[in-house]
Amino acid sequence: MLKAKLIHESPQLKLGESPIWRDGLLYYVDILNGKIYSYGENITQLHTDSIIPFIVPCDDGLIFATKDSIKHLILKSGKVETIFKMKFDEIVRFNDGKCDMNGVLFAGTMDMNEKDPLGSLYRFDNKESKVLDRITISNGTIWNYDKKIMYYIDSPTRKIRVFNYDNRNSAILDEMESIDVSVFPGVPDGMTIDSMGNLYVAFHGGSSVIVFDSNGKVIKKIYVSAKNVDSCVFGGDDLKTLYITTAMDENGDGGNLYKIKNEISGIPSEKYKFI
Ligand code: BGC
Ligand code: CA
């Protein structure tokens, strides 16, 4: 089995998520401690007073989520402004979010008790709209542009949902047969894709990133020395380094950052576009 290399230890980090590659730098969040990290020559931290469920890149900085809002951070000035404010139940919060090739943001929510389908997936352009309902833990959205497909994960279902996708209008079309990943330990969490359309799925509770082809066949397994593997993204100048974030387990272990070199390049982290 392949083994990811530990590249940065963060003893305080609780829930490492949402890695993105922006202008030669890796950024990721610690959702529960409400921090945004940037990894290059060193690690810097931006503190806010909220949880930060995800980040996506934009031209002048980052878009990030709080429990129930979407904000814009200008990196040079540090200025923050709210761009969407939602009304969720007390036990519902934002979770993973990503932009499609048109810069349209898709962000989902979750039941903070991780039990009931109280969450949804929303689409944000100049307004918000609900596109999927009855989700327990929204995760892993990614697109195969050539084939016009969107992949999506509701973690406890242990399936990767597959939708035809209208990439001119950023619209989810009909749903196809899901890829069942319930034979693997843990639950599927964050996910990315390479330029050949293979899926790299982080398994929370499964100490691994498992790579599937578009038919759901396992191509390879990458072992990560943390129980809770949460998300991954391609970075590096050639987009051939897979960066992997992890979360602390019940014994207080985990939360560190890993990487592994890949033969096939990945796709870039798409930027949010203001319209
Ligand atoms: C959520 C965690 C959850 C994990 C496992 C993550 O995306 O942020 O709260 O435990 O998925 O499904
Ligand atoms: Ca996640």
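Q: Which residue stands opposite proline 57?
A: Leucine 62 in S8 does. This is a predicted model: local features need pLDDT of at least 70, side-chain atom pairs count only at pLDDT 80 or more, and totals for chains, interfaces and linings use all residues. Residues are numbered from 1 along each chain as written, chains are lettered from A and ligands numbered from 1 in written order, and side-chain values use heavy atoms, without hydrogens or water.

Q: How many bridges join S7 to S8?
A: Four, and the two strands run antiparallel. S8 covers residues 61-65. Strands pair if DSSP finds at least two bridges between them. Strands are DSSP runs (E, at least two residues), numbered from the N terminus.

Q: What sheet are they in, and what is the strand order?
A: An open sheet of four strands, S7-S8-S9-S10, with antiparallel pairing. S7 (55-58) and S10 (80-85) each have a single partner strand, so one side of each is left without a neighbour in the sheet.

Q: Is asparagine 139 buried or exposed?
A: Buried, at 2% relative accessibility. Aspartate 189 is buried too, at 5%. Buried means under 20% relative accessible area, exposed over 50%, partly exposed in between (1.4 Å probe, protein chains only).

Q: And glutamate 17, what stands opposite it?
A: Valine 29 in S4. Five bridges join S3 (residues 16-22) to S4, running antiparallel. S4 (residues 25-30) is mostly covered, with five of its six residues buried.

Q: What about the turn between S3 and S4?
A: The hairpin has two residues between the strands. Aspartate 23 in that turn has a positive phi of about 45°.

Q: Which side chains have polar atoms by ligand 1's oxygens?
A: Among them, glutamate 114 at 2.7 Å, asparagine 139 at 3.0 Å and arginine 93 at 3.2 Å. A polar contact is a pair of N or O atoms within 3.5 Å.

Q: How much of ligand 1 does the protein bury?
A: 93% of the 310 Å² that ligand 1 exposes when taken alone. Areas come from the Shrake-Rupley method with a 1.4 Å probe.

Conventions: A polar contact is a pair of N or O atoms within 3.5 Å; within protein, one must be able to donate a hydrogen and the other to accept it, and residues adjacent in sequence count only if both atoms are side-chain atoms.
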